[in-house]
Amino acid sequence: MTSGESFYGGIPVFRGFTSLMEPALYAPLPDDWSIGVADIVDSTKAIAAQRYKAVNMAGAAVIAAVTNALEGREFPFVFGGDGASFAVAPSDLEAAREALAATATWVREDLDLKMRVALVPASAIRAQGLDVRVARFGPSANLSYAMFSGGGLAWADAAMKRGEFAVAEAPAGTQPDLSGLSCRFEVMPTARGLILSVLVMPARGADPHAFRKVIEDIIHLVERSPDGGRPVPPQGPPLKWPPQGLEFEARTKRGGPLVARRARVLAYTLFVYLIMRFDLNVGGFVPNIYKRQVVENSDFRKYDDGLRMILDCTPQLERALSDRLAAAARDGIVRYGLYQQDAAMMTCFTPSALRSDHVHFIDGARGGYASAATALKAMMA
């Protein structure tokens, strides 16, 4: 690998989320890399139609498809609820392009949603006077998630929505490799009062030091909550059979008519359910270890030019967060969106259940990040 291609693997992992805004943790993306962005068109309408799981499945599919296309090579990515963002080295650009194009086609044909996708050169972002800087946060010893700063991801997302740098859909019937993508767990009801979707972005022209102070204040408020507000129960999410996400998982499979794929997934998920339900160790798979890793690996807080969190919190914590953010908005420091619901949900990417680095994306189960983004836009109107 060239030094540019090994860029992400060379970034040290930081553990304490309270250090999130420390500039020294972030390394500039190499100039010859590209940013991939994807989102669901009219996700607000899909959310209003209660298609939460389909929207989340579409966003997670982007990450699964690109990961599989890159044959497991590490690259920085972030899940955004109704979409995803990532960065790839030049040697992986065409594979990522094909994966994006195929995913857009699959989302339209199998999920009945429209997905925009784009690939933006890092050099084009820097030409705007912005940057893309990457850090690696380790929520556990098992894996790390990418964090992005510099304003470049937000600009790339806006450029995609203007129709720039677009990647065209693949031909009809093209199926991305979505191996490992599933959503078998049930929704996770709040244990502390409410599930809060939090989205905090800098206001236009905001002082970076003032914005950092607000984000650090918010994180410190949350850190006082049990388990940092994690919405995943200590024993792992509920699991039932047949799983709520059966239809979506069947549609991720390749080959054969849909009815046959449904039958295969139905049989396999029954096998998994029995193993998990009765704690049966099978072929090196230990259910209790896997469930603990699911909790530890949950992606419920992140930073991609703004703070995103899905929190299980008390009404008192919600008021404290709302008061701090409202004051910062009045001072012209932040734009924000908060959205309350009664449960969170999980979408999983598990290329191998025998490895510890399986990925679990968290969103609110009744609107999540997409509804928080709607509240943020309403604030700007």
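This tour visits selected backbone and cysteine sites in a predicted model.

**The cis peptide bond**

Begin by selecting W241 and P242. The peptide bond that joins these residues is cis, with omega at about -5°.

Next, select D112. This residue is not a glycine, yet its phi is positive, at about 55°. With the surface shown, D112 counts as exposed, because its relative accessibility is 63%.

Then move to D279, another non-glycine residue with a positive phi, here about 50°. Its setting is the loop between helix 8 (258-277) and helix 9 (287-296). Is D279 buried, partly exposed or exposed? D279 is partly exposed, since its relative accessible area is 38%.

**The cysteine pair**

Finally, select C183 and C348 and display their sulfur atoms. Which cysteine sulfur is closest to that of C183? It is the sulfur of C348, at 8.0 Å. A disulfide requires two cysteine sulfur atoms within 2.5 Å, so C183 and C348 are too far apart for a bond. C348 is likewise in no disulfide, its nearest cysteine sulfur being that of C183. By this rule, the count of disulfides is 0.

Both residues can also be viewed against the surface. C183 is buried, with a relative accessible area of 0%, and C348 counts as buried at 1% relative accessibility.

Note on methods:
Residues are numbered from 1 along each chain as its sequence is written. This is a predicted model: local features need pLDDT of at least 70, side-chain atom pairs count only at pLDDT 80 or more; totals for chains, interfaces and linings use all residues. Side-chain values use heavy atoms; hydrogens and water are left out. Buried means under 20% relative accessible area, exposed over 50%, partly exposed in between (1.4 Å probe, protein chains only). Helices (H or I, at least four residues) and strands (E, at least two) are DSSP runs, numbered from the N terminus.
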